[in-house]
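Here are some notes for a colleague on a few local features of the backbone and on one strand in its surroundings. Please read them with the structure open.

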Amino acid sequence: MEPVRRKSDLPQVPAAIDFESLRADFPIFAASRQPLHYLDSAASAQKPACVVESISQCYNHGYGPVHRGLYPLAESASEDYEASRRTLANFINAAGAEQIVFTRSATEAINLVAQGWAARYLQPGDEIWVSQMEHHANFLPWQRVCTSHGSRLRIIPLDSEGRLDLEQAEGLFGQKSRLIAITQVSNVLGTINPIGEIVATAKQQNIPVLVDAAQSVGHMPLDVQDLDCDFLVASAHKMCGPTGIGFLYGKTDRLAATEPLLLGGGMVDEVNIDNSSWAEMPARFEAGSPNLAGAIGFAAAADYLRGIGLQAIEQRVKELARLAYEKLSSVDGIRLYGPGPGLDSSGILSFNIDGIHPHDLAQIAAEHGVAIRAGHHCCQPLMQRLGVSSTARASFNLYNNEQDIAALVAAIQDAKRILGYR
Amino acid sequence: MSSDSVYKAVLLDHFHNPRNKGELDAMDMVKRGSNPRCGDEIEVGIASSNGVLETVRFRGRGCSICLASASMMTECTSGLELQQARQLIARMQQWFSNPDNEAPPNENLAALGTIRQHPARKKCVLLAWQALDETLDGIEDQFAASNR
């Protein structure tokens, strides 16, 4: 196994990045007939040409079956697949590439831990903790495994600004707590949770922590050895990579204690009529022909973002979100949710306008070329906490600029005019 | 704003000045439709006599499309025979499920046509119509029970 680079070996962040010129890396903006103000990156991010080219290169010049052939094309395909795994291990500073399991999505990765790990050890009366701000993907798998095992799903409540209220989470680090599954960044509120702090306290009680990093990987520097979490899940398409692929990172002992969710080709050592044995990690978790082009595109996205610098991207996006928050705050009748600009806030803003349904707002925004999301964002427990059925959401990424914010504000004003806000 | 905006004057008029909206206490049958995905909730009530829909009313909350569609529906269906109302509901559903079916089921509903280009909002348009369909089921069930 090739050694993984340490944090200290990572390239330094350049002094200044011309983010405006980076927009040209994303062909969709030039291809769009009318100006495209894409403020829905938290749903799915746009793709730079290098990611698309890496996928096209794979299919046109380097395509073959992975881990299933002895001829050169099959061998190079297998090597490309494993090189992608190493790139992603490096990207989050995993100690070894075998700790990265490719999945279809972050959702699948969480389900793998819920059914392949938690379901094996959970006892009646045990507790699994999530927070009130979780995406359904980090809520439903735990709800199901708790229900089937007579265990209890506990909720970390939120304070009035949308931060975790750890003081009110009595028993979080208690004797019954078997797992804390928590998002690093809220996909609705933009809150950045104090994962390091939670893991440090949980570790003292030997409570494992799973981090849902779907909104944080590729958006900010992330080091799993530094975080010291037991599991972490990510999704390629939210970090400028292709759809249909994500990964599960796990500490070696945790993955060793996890049973595969899918059985089939490629994940076995020996198959007999009466019994079978599994392959080594991570192959045992990757039944079926692997998603080669997806893995290559995923790695290309990681390389692209790393080339710009995660710290620079985080700063840029936070700056845009701060500016947007400032402009939106002055809109009459707006209600903004979440902690607002600051160290613990990312590039995601949710809001509602008095008397205007978020769907109407999003539709009128669309007519202005502004792409925002409206709905419950797969976070119904959070909507219940906020006392609303849905919100509008604007989310930023490295390709956004000040014009996008101005267009959003203009669209909101137009929605108020059209729908007769008084 | 593009010329093919969803927000036609007719729709906005129904949204701002909804017809037949309010209390449903005097209705013979009331059914509720909801879309938890966006929080829309509509109740449709009908009063009928001798197989004719004398009154169709609604109340509830929702987006402008949902409320405008409900308002337009009450105007188009009041006074219809129950079977005619059933047929109109069916044509409305077909209009929104078949892209080739260009003609609106009723000229007074034509303004809803722009929303056919936005499949994500089909449910907003049809929520009240589905609730009306259920009130008709309820009336028929009542009728069948009284003749048993």
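This is a predicted model: local features need pLDDT of at least 70, side-chain atom pairs count only at pLDDT 80 or more; totals for chains, interfaces and linings use all residues.

1. Residues are numbered from 1 along each chain as its sequence is written, with chains lettered from A and ligands numbered from 1 in the order in which they are written.

2. Strand 7 of chain A (residues 231–235) has five of its five residues buried, so it is largely enclosed by the rest of the structure. Here buried means that 20 or more other C-beta atoms lie within 10 Å of the residue's own, exposed means 12 or fewer, and partly exposed lies in between, with C-beta atoms placed from the backbone; strands are DSSP runs of E, at least two residues, and helices runs of H or I, at least four, numbered from the N terminus. A:F231, A:V233 and A:S235 point one way, and A:L232 and A:A234 the other.

3. Strand 7 of chain A is joined by three bridges to strand 6 (residues 209–212), running parallel, and by five bridges to strand 8 (residues 246–250), running antiparallel.

4. A:D228, in the loop between helix 8 (224–227) and strand 7 of chain A, has a positive phi near 65 degrees although it is not a glycine.

5. The peptide bond from A:M281 to A:P282 is cis, with omega near -5 degrees.

How values were computed: Two strands pair if DSSP finds at least two bridges between them.
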